[in-house]
Amino acid sequence: MSERTFGDTILAVKNISLSFGVMKVLDNISFDIKQGEIRSIIGPNGAGKSSMLNVINGFYHPQEGSITFKGETRKRMAPHAAASHGIARTFQNIALFKGMSTLDNIMTGRNLKMKTNIFWQALHIGPARREELENREAAERIIDFLDIQAIRKKPVGKLPYGLQKRVELGRALAAEPELLLLDEPMAGMNSEEKEDMSRFIIDVNDEFGTTIALIEHDMGVVMDLSDRVVVLDYGKQLADGLPDEVRSNQAVIDAYLGVPHE
Amino acid sequence: MPTWGFRMSEVTFFIEVALSGLMAGVMYSLVALGFVLIFKASGIFNFAQGVMALFAALTLVGFMEKFGMPAWLAIIGTIAVMIALAWLIEKLMLRHLVNQEPIILFMATIGLAYVLEGIGDIVWGSDVKVLDIGIPQGASDYMLDNFNIYIEKLEIFAAATAGILVVFLAIFFQKTRIGRALRAVADDHQAALSVGISLRTIWVIVWSVSGIVALVAGIMWGSKSGVQFSLSLIALKALPVLILGGFTSVPGAIIGGMIIGVGEKVAEVYLGPFVGGAIENWFAYMLALAFLLFRPQGLFGERIIERV
């Protein structure tokens with residue numbers, strides 16, 4: 001693999017602490033993500049990985065710390081601001097619109113790209129119709145990219161799990177995000193499906209230059225894909241560095257295995 | 001030789017009964033439609049839907065009588081009032097109840113029903129008002145001359161309006177960004193937020209649309225039997241319609257209303273004499289009960305598919 005180079009820092013979280021009542025979910029977490037990077041967040045169950053993503057896209061509001069995205073520093077993010085500034089995401093437990101078709105799900109990802117107001121939309125003529133067609137083309141390109149033409153019109157609630165994950169990725173991509181947050185995109189997949197998903201993640205990063213923050217449990221996948229890895233355990237930051245550094249970090253090994261590595 | 005012995009006049013009489021039931025059913029459908037819209041987009045059972053129809057009709061009559069507005073201007077004015085109302089409901093009620101249990105939101109809409117009824121009473125008075133916006137009245141001569149069937153012009157007009165409304169809403173829901181956003185919000189709040197859909201905007205839109213549907217229902221009922229406070233009771237008839245058609249289906253609301261309308265009229269006329277009449281009052285509820293037992297999602301409601 002050739003040497004990968006990255007741009008400036010696109011996202012930096014600094015001293016983030018988040019608690020629900022007496023439970024401290026995140027404790028003083030700081031890391032950054034560079035433009036074009038694939039950045040993994042790993043850790044045992046309950047480490048606070050998903051909470052971290054929820055802080056980044058504004059579902060959770062941390063009590064302390066700051067989030068700097070594209071040069072703008074905030075105490076907290078709002079979901080709408082996150083989406084409109086170029087952050088898209090997928091969810092650990094698939095959160096698709098189950099009653100809708102694959103195509104419609106992906107079209108919702110274009111939501112912020114479409115601007116015509118409700119009056120044109122209500123009449124379904126003129127600018128609204130043209131806009132609908134343009135965005136439809138963009139959605140079809142994503143469908144081609146993810147190789148899901150066969151299920152375009154199927155309601156997603158009836159699709160097998162692996163395909164649902166793929167549609168969810170499609171919906172996130174439809175927003176043409178600058179930063180893509182993937183929460184366990186390969187959970188529950190067989191090895192073939194995992195390979196497909198890995199390939200899509202690499203292609204997205206390569207072809208569109210999308211920066212990716214990835215939560216994943218499969219260490220093989222994480223070590224293959226990631227440029228840098230941050231490790232959380234019980235809300236605390238254990239390590240941050242290149243995959244090889246993290247792999248040989250004693251604290252990380254202990255957290256994962258509970259015993260010293262041989 | 002045995003014959004069925006139907007005479008032409010009996011057949012026409014049956015058609016007449018069924019048709020008048022059908023038209024009454026369309027009226028129920030119009031109210032049910034407002035329920036479906038709000039339920040679809042927010043999972044809230046809006047107890048105030050019937051009162052919204054009353055409130056809209058009262059406002060319309062008020063604008064025409066007290067301010068002497070022509071019908072078209074009064075309708076535009078009332079639409080503006082219904083949109084403002086939706087905005088207020090979001091700001092004062094829904095916003096503060098995000099992530100609450102459905103039952104709590106339902107209770108809030110009961111409160112809303114009383115508030116709206118009170119405001120309507122204070123502002124426009126509680127006497128029965130005549131609503132005439134120029135919808136043709138009386139029997140349709142065309143139907144009477146050609147088919148010997150008695151049917152009110154108003155009822156034909158109401159049916160046509162309901163039909164147009166449904167086509168319009170279906171396209172709006174299926175083919176536009178906002179329609180997709182509405183369905184998205186109904187399916188999954190978090191996912192909707194993550195693609196940049198604003199829940200608040202969606203709620204204002206959906207309550208506005210259902211306010212406008214309530215206005216249409218209010219106009220039809222008001223033209224038929226005057227604008228009076230018992231109008232809010234038709235909301236009760238919309239309930240069996242919803243159970244029949246499914247809470248989430250726009251076509252379901254329409255067809256459910258028609259089935260109940262026809263069913264209760266036919267039952268009243270043909271079975272009524274054997275049980276002492278008044279079937280019309282309970283038929284809808286019995287039918288709803290049967291549906292609850294055997295097909296709780298209704299005719300067109302979405303069966304919730306859960307993958308385990």
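The buried residues of helix 7 of chain A are covered by, among others, helix 6 (161-174), strand 7 (179-183), strand 8 (211-215) and helix 8 (219-225) of chain A. Covering here means contact, that is, C-beta atoms placed from the backbone and lying within 7 Å. Helices (H or I, at least four residues) and strands (E, at least two) are DSSP runs, numbered from the N terminus.

The model is predicted: local features need pLDDT of at least 70, side-chain atom pairs count only at pLDDT 80 or more, and totals for chains, interfaces and linings use all residues. Residues are numbered from 1 along each chain as its sequence is written, while chains are lettered from A and ligands numbered from 1 in the order in which they are written.

Which residues of helix 7 of chain A are buried? They are Met197(A), Ile201(A) and Val204(A). Buried means 20 or more other C-beta atoms within 10 Å of the residue's own, exposed means 12 or fewer, and partly exposed is in between, with C-beta atoms placed from the backbone. Seen down the helix axis, the buried residues of helix 7 of chain A fall within an arc of 60°, so they line one face. That arc is taken from the directions from the helix axis to the C-beta atoms. An α-helix has 3.6 residues a turn, so residues three or four places apart point the same way.

The face turned away from the buried side carries the exposed residues Ser191(A), Glu192(A), Arg199(A), Asp206(A) and Glu207(A). After helix 7 of chain A comes Gly209(A), with a positive phi near 65°.

Technical notes: Contact = placed C-beta atoms within 7 Å.
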